[in-house]
Amino acid sequence: MDIRLNYLRVENFKGIKAFTANLDGDNAVIKAANGIGKTTIYDAFNYLLFGKDSSGRKDFAIRPLDDDNQPIKGLTLAVEAALIVDGVVVILRKEQKEKVIKNQITGYETFCSIDEVPTKVSDFNDYISKIIPEETFKALTDLHYFNGKLHWTERRKMLLDIAGEISAPQGFDSLLVAKGNRSIDDYKKVLLDQKKRLVKSRDEINPRIDEIQKGLDGYAGNGNTAKMEASRMGIQDEINTLDKQRDNLMRSERERQAKIDRMNNLKRDRAVRESQLKSDTSGVQALIEERQELTISLSNMAAEVREAESLVTIKIADIDLTKKGLANALKGLEDARQEYLKLSQKEEDCTCPMCKQALPEGMVKEIQAQRIIRLKDITSKGNEFNNTIEQYQQRVDLSNVELNELKENAKRLNEELVVARANQQARLAEIQQVVDSRETPKPENDPAWQSINNAIAQIETEIGEPMTTQLQTIEESRRAKQFELSALDRSLAQVDRKKQDEQRIVELEEQEKQIAQQIADCDNLLAQIEQFKAAESIAIETAVNGRFKYVNFKLFKENLNGSIEEDCMATLNGVPYPDMSYGQKIVVGIDIVNVLSGHFGVSVPIFVDNAESLTLSLEATSQTIELYALKSARMLTLVKKEVVANV
C-alpha cells in the first residue's frame with residue numbers, strides 16, 4: 001500500500017493560525033526559523049490521524065494561546081489532509097470546537113469527516129486503523145522510533161522476522177539431538193544447572209571419604225575375631241531352633257483354642273435345646289389354638305360394637321344437618337310471608353316523587369301491574385319453601401326412626417360383648433392352668449440334646465492342659481541366648497563397621513569418577529553450545545544486515561567469559577547508535593524505514609525534523625517532508641510549492 005500526502009491544511013493549531021501545503025504526493029522541504037512551527041506541522045499530521053503529537057503524547061496543548069498563556073476563545077481548531085492511498089484520494093478532516101453551556105465554556109468537542117461526510121470519532125479511528133495501524137505508522141514515519149523508543153528485544157524480534165527463516169549451522173547434529181524440543185538457551189540452562197548439581201555432589205565426596213578413613217585409622221584390631229564370629233553363628237542357630245519350637249507350640253495352642261471355641265458353641269446349642277424342650281406345647285396345642293380363637297372372636301365383637309356406635313354418630317350428624325336446612329327454609333318462608341303482607345297492604349303512590357304532581361293514568365296502571373306480578377312471585381316462592389319444609393320434616397322423622405334402631409342395635413351388641421368378655425376370661429384362666437401344669441420332655445430323653453452333650457464330652461477330652469509352662473521355658477532359654485548374642489554383636493560391631501566403611505570408600509571413589517565424567521560431558525556440550533551460538537550469530541547477522549544498505553546490526557555480544565549473549569544495536573560505519581550524530585541517526589532511520597516499508601508492504605509520508613543537520617542525501621523510498629531550520633525564514637515556506645501562510 002502506497003500512501004502519499006496530497007495537501008495538508010492547518011487552522012488555529014498550537015501557534016499556527018493558517019497554513020496550507022500543497023504537496024501533490026511529491027517530496028518537499030518546509031523551511032522556517034526555530035519556533036515558527038515546523039514541528040507543529042508534523043504534530044498536526046499525527047493529531048489528525050491518531051490524536052497524538054509527534055512524540056506520541058495524547059495529552060498535549062493544541063489550542064492557540066493569548067498573551068496571558070490562556071486558550072484564545074471563539075476559535076475552531078482544524079486539520080485537514082488529502083491522502084493518496086494507492087492512487088485514490090481520501091480527504092480527512094478533524095475539528096475541535098468549544099462546548100458552550102449557558103455562555104460558559106465547559107470543554108471541547110471533536111468532529112471528524114471522511115470525504116466531507118461527517119463521521120463519528122470512533123468510526124474515524126477505525127477507518128484510520130484499517131489504512132495503517134498506529135504502531136506501524138510510528139515505525140514507518142518516526143526515524144528515531146525503531147532505535148530510540150522500541151525495546152531492544154522487540155527490535156530484535158522484528159529484524160528476525162524481516163530476515164525470515166535462517167538455517168541452523170552445520171556440524172552440530174549431536175547437539176541438536178541432545179537438546180530435543182528445547183531451545184538452545186533452555187538447553188544451556190539445563191546443562192548449567194546439571195553441572196552445578198554435579199560439582200556440588202563431587203565436592204561433597206572427598207570430605208566424606210576423609211571422614212570414613214579417619215574412622216578406619218582409629219580402628220583397633222582383635223585377634224579373636226574368627227572365634228567370636230563362629231560363636232555368634234552357633235548362638236544364632238540355637239536361637240533359631242528355639243524359635244521353631246516356640247512356633248510349633250503356638251500352632252498347637254491355636255488348635256487347642258479353636259477346640260475350646262467349638263466346645264463353647266456346642267454348650268450354647270445345648271442350652272438352646274433345653275429351652276426349646278421347656279417350651280414344648282405339643283400336648284396342649286388344641287387348648288392354645290382355642291385360646292387364640294377366643295381372642296380373635298372377642299376382637300371381632302368389639303369391632304362390631306365400634307362400627308355400630310360409629311353409625312349412630314353419623315346418623316346424628318345427618319339429622320343435625322337436615323334440621324339446619326329445615327330452619328333455613330322456615331326462615332325463608334317467614335321472610336316471604338312478611339314481604340307479601342307488606343306489599344299487599346301498601347297503597348299505590350300516584351304522585352311523582354320529584355314534582356309532587358299526579359302521575360299519568362297509564363303510568364299508574366303500569367305500577368299496579370308490576371305490583372301484581374311481584375305478589376305472584378312471592379306467592380310462588382312461598383309455595384317452594386312450603387314444599388322444601390315438608391321434605392325436610394319427612395327426612396327428620398325418618399332419620400329419627402333409623403337413629404333409634406341404630407342405638408338399639410349398638411346397645412344389644414355392647415351387652416353381648418360384656419357377656420362374651422366375662423366368659424372368655426373364665427375360659428382363658430382354665431386354659432392357662434392346664435398349660436402351666438403340663439409335663440415337658442426331659443433333656444436326657446431327647447436324642448438331639450444327647451448328641452450335643454456327647455460332642456462336648458469328646459472335645460473336653462481332646463483339649464488337654466495349656467502350653468504356658470513349655471512356652472515359658474523356651475522363652476527363658478531364648479532370652480539367655482539373645483543376651484550372649486548381643487554381647488558378641490557389641491564386640492564385633494567395629495569389625496562389621498570396618499568392612500562397611502571400606503566398601504563405602506570404594507563406592508564413593510567409583511561415584512566420584514562417574515560424576516567427573518558427567519561434568520566433562522556437560523562442559524563438552526556447553527562448549528558446543530557456545531560454538532553453535534557463535535556460528536548462528538554470524539548467520540543471523542549476515543541474513544539481517546543483508547537487508548540494509550547502510551546500517552549494520554550487532555545482534556550478539558561476546559562476554560568476558562567467552563559466552564554469546566543476545567543483543568540488538570544499530571551501527572553505522574562501526575559507530576553504535578547512541579554515539580551517532582543527529583544526521584547519522586536520520587540516515588540510519590531512513591535505511592530502516594525503507595526496509596520496514598518493504599517488509600510491511602506499506603509506504604507512508606516521512607517528516608524529517610532537523611533536516612538542516614544532514615550532509616548526506618536522503619534515499620527514502622517513501623514521500624519525505626524535510627523540516628529545515630533557517631534563521632532568516634520568519635514564515636513557514638514550502639520549497640517549489642505554492643504556500644498560503646499566515647503565522
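Predicted model: local features only at pLDDT ≥ 70, side-chain atom pairs only at ≥ 80, totals over all residues.
Residues are numbered from 1 along each chain as its sequence is written, and side-chain values use heavy atoms, without hydrogens or water.

**Loop residues with positive phi**

- K14 lies in the loop that links β1 (3–13) to β2 (16–22); strands are DSSP runs of E, at least two residues long, numbered from the N terminus.
- Although K14 is not a glycine, its phi is positive, at about 50 degrees.
- Most residues other than glycine have a negative phi.
- D115 occupies the loop between β6 (104–114) and β7 (117–119).
- The phi of D115 is also positive, at about 55 degrees, and D115 is not a glycine.
- D115 is partly exposed, with a relative accessible area of 39%.

**The sheet containing β3**

- Four strands form an open sheet in the order β11-β12-β3-β13, and their pairing is mixed; two strands pair if DSSP finds at least two bridges between them.
- β11 (606–608) and β13 (637–638) stand at the edges of this sheet.
- Each edge strand has a single partner strand, so one side of each is left without a neighbour in the sheet.
- Strand β3 (residues 28–32) runs antiparallel to β13, and two bridges join them.
- I30 has L638 of β13 as its bridge partner.

How values were computed
Buried < 20%, exposed > 50% of the residue type's maximum accessible area, 1.4 Å probe, protein only.
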